[in-house]
Amino acid sequence: SMRLLSVATCNLNQWSMDFDTNTKQIKDSISKSKRAGAVIRLGPELEIPGCGCEDHFLELDTINHSWECLKDILVGDWTDGIVCSIGMPIIKGSERYNCQVLCFNRKIIMIRPKMWLANDGNYRELRWFTAWKQRDQLDDFQLPLHVSQALGQKSVPFGYGFVKFQDTAIAAEVCEELFTPCPPHAELALNGVEVFMNASGSHHQLRKLDVRLRAFIGATHTRGGVYMYSNHQGCNGGRLYYDGCASVVVNGDVVAQGSQFSLNDVEVVVAHMDLDAVTSLRGSLSSFQEQASCKVKVPSVDVPYNLCLPFNLRIRLSVPLQIKYHSAEEEIAFGPACWLWDYLRRSGASGFLLPLSGGADSSSVSAIVGCMCQLVVKEIANGDEQVKADAIRIGNYKDGQYPTDSRELVKRIFYSVFMGSENNSKMTKSRAKVLADEIGSWHLEVSIDGLVSSLLSLFQTLTGKRPRYKVDGGSNIENLSLQNIQARIRMVLAFMLASLLPWVHNKPGFYLVLGSTNADEGLRGNLTKYDCSSADINPIGSLSKQDLRAFLRWAAIHLGYSSLAYIEAAPPTAELEPIRSNYTQCDEVDIGMSYEELSVYGRLRKTFRCGPVSMFQNLCYRWGARLSPSQVAEKVKHFFKYYSINRHKMTTMTPFYHAESYSPEDNRFDLRQFLYNTRWPYQFQKIDELVHELDVKDVQKLGNHDTVAALSNGVGATGSGNPNV
């Protein structure tokens, strides 16, 4: 005999606090699951209110509205014949829990509170929820009166446990619990659970999808089982992009995988398997049998119902798939593009405006907007009615027309503006124009020299002095102030144009200003406070220059914007100082380090938690072959000096898409002071002592190949991981 089971998991593009849309999409996903023959439907974590509600979770309204929406689902026929795991916050006694509510045939069969909460990186769950700690028994939970009256059900089992059907056992494991040192699925498997349902709220991070998939595979590879994973997909209302990838894994093999980046609001992933394969694998593993014979018993709820079907050739079993991974360049294109589309359609704006300088950063943002429009046109061609309706509204299409060409859509919703000055070269102006033509933006060129001159004349009238550039004999203070004036005028002009250009061209609504500061500039502070780094949103703010340059090379070919290759090859420059026959401004000279070095500092500082001393020690190993310890020390001190001088700028940065673990974003992720003793007297003294010790002992240079080989496999001063990024 066989035990054939059909399951469905999904990617849902929920919007925090939009209960109507969220409930509609939950119902839609259940309907699609039922049509595919599934008897289990898993949704993402906290799917009713949305997982990005943050301090709204502290409001009783959020809890009450969640119950009202759950009741709405349960009084209809949505859960007839299908087990639905639905995520929402619940108050029990005086504590608030992050819960999965298991529903079946218009009843709640069990409520499973999350036991291990995510409380690092971007997550603050302990601020809003309590972790469930009781493991030995299920409590009796009294349902709210309006719910119990509607369902004819007064109470439900609440706590850690699993559900026993007549032919299988299933259990929830919520998001972070999978990644803990002792995940619940280990003992649940020993208790006979065959299907694990992981409702998640996992955001995109560059090059990290394999970590997640390896966890699903590992959960069932050595102990057997079916692992279902559901996730949010889209901009939930903040800086994060939840990157879907709803998956089903059977005995360590991925048999179904949803998209990572998509404009589709509801994506259902279905898999069919024979649960006897799980029984067979577990029966062949002696160690599993031995551990199961002395297991700690986990509480359970009995449901007198069969979920499986016998041998049936009309059901085609799912087979192992080749796992789909995007390259880093594709992730940079598609993640921010989908995030921008969600932000655009949900903000009520009619388009974007970007100050386009012809440099790598603003050109990257232009390419991402172009990619967004390509995705929109592609989804409309694939028959997505929601994307079509949004595009018709945003693009102001009339008489049954809709986008069929991405460049035509770009022209309707995207202004690019080259704000030139006497310090700009003809090359950057030309590059901006050529790129704008390739992408299709409504491109404007404006000179800011008159505005700069007016401000300087005002200053001269006020003070009797007129500042000069350094190349013309001015001081550093004068030179910097003249650069800042240009940069800030561009910000003011950008916001003015974004609000008035739609009116000029008889377009409805307003445009959002896009920023284009990268992570390295934010970290080093190589930007003017309140210049074009100040915008409404920024899709590249947590990406390094190195990654963006690789993206530009990729986009030149794969997005069809060939001029990006020339832009990437050009040396980065702010073009805020005058060009002379013997002088051209260069970013890497301005900041006193290469972008490659800056990327290394950024990873060590954030990802590997290095202060000045441990960064110095680690870089002695990494750079020891070409630099002396004293040279390494000077570089580390230079970085920390300017990082700390400029850290205050991060407090005013435009909200940007979170894409990397080295992000310096001050608001949610990289929480630091912004007033430092920029001389770092204690730390720099320690570095000087270490350099002195090395000099006194006349130690052979640390770059010596034998030394590096001996130490390369060891743990660096950070305590974990390999800091030699």
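**View 1. The largest nonpolar core has 60 residues.** Within this core, L340, W341, F352, M372, L514, F551 and L564 touch the most other members. A nonpolar core here is a set of buried Ala, Val, Leu, Ile, Met, Phe, Trp, Tyr and Cys residues joined through side-chain atoms within 4.5 Å. Buried means under 20% relative accessible area, exposed means over 50%, and partly exposed lies in between (1.4 Å probe, protein chains only). Helix α10 (residues 360–381) gives the most to the core, with 12 residues. Helices (H or I, at least four residues) and strands (E, at least two) are DSSP runs, numbered from the N terminus. This is a predicted model: local features need pLDDT of at least 70, side-chain atom pairs count only at pLDDT 80 or more, and totals for chains, interfaces and linings use all residues. Residues are numbered from 1 along each chain as its sequence is written, and side-chain values use heavy atoms, with hydrogens and water left out.

**View 2. F352 and its contacts.** F352 is among the core members that touch the most others. Its contacts, not counting residues up to four places away in sequence, are L340, L344, V369, M372, I413, F414, Y415, Y511, L512, L514 and I537. Contact means heavy atoms within 4.5 Å. In soluble globular proteins, nonpolar side chains tend to be buried together.

**View 3. F104 and F165 form an edge-to-face aromatic pair.** The structure holds 29 aromatic pairs. Rings of Phe, Tyr and Trp (its six-membered ring) pair if their centres lie within 6.5 Å; planes under 30 degrees apart count as stacked, over 60 as edge-to-face and the rest as tilted. For F104 and F165, the values are 5.8 Å centre to centre and 90 degrees between the planes. F104 lies in strand β4 (residues 95–104) and F165 in the loop between β8 (162–164) and β9 (169–172), so the pair ties together parts that are 61 residues apart in sequence. Both F104 and F165 are buried.

**View 4. F639 and F640 belong to a ring cluster.** F639 and F640 form an edge-to-face pair, 5.1 Å centre to centre, with 70 degrees between the planes. F639 is buried, and F640 is buried too. Ring pairs link Y601, W623, F639, F640, Y643, Y676, W680 and F684 into the cluster.

**View 5. Lysine charges over aromatic rings, at Y402 and at F669.** The charged end of K388 sits over the ring of Y402, 4.1 Å from the ring centre. K606 places its charged end over the ring of F669, 4.5 Å from the centre. A charge sits over a ring if NZ of Lys or CZ of Arg is within 6 Å of the ring centre and within 35 degrees of the ring normal.

View 6. A salt bridge is a side-chain nitrogen of Lys or Arg within 4 Å of a carboxyl oxygen of Asp or Glu. By this rule the count comes to 37. K32 and D28 meet at 4.0 Å, N to O. K32 is partly exposed at 29% relative accessible area, and D28 is partly exposed at 27%. R214 bridges to D210, with the closest N and O atoms 2.5 Å apart. R214 is exposed at 52%, while D210 is partly exposed at 25%. E634 pairs with K637, the closest N and O atoms being 4.0 Å apart. K637 is buried, at 14% relative accessibility. Salt bridges that share partners also join R605, K606, R647, D666, D670 and R672 into one network.

**View 7. L46 in the loop between β2 (40–42) and α2 (60–75).** L46 is buried, with a relative accessible area of 3%. It touches C51, F57, G87, M88, P89, N98, Q100, F129 and H232, not counting residues up to four places away in sequence. The C-alpha atoms of L46 and I86, 40 residues apart along the chain, are separated by 7.5 Å.

**View 8. S599 in helix α20 (residues 595–606).** S599 counts as buried, at 10% relative accessibility. Leaving out residues up to four places away in sequence, S599 touches D520, S544 and Q546.
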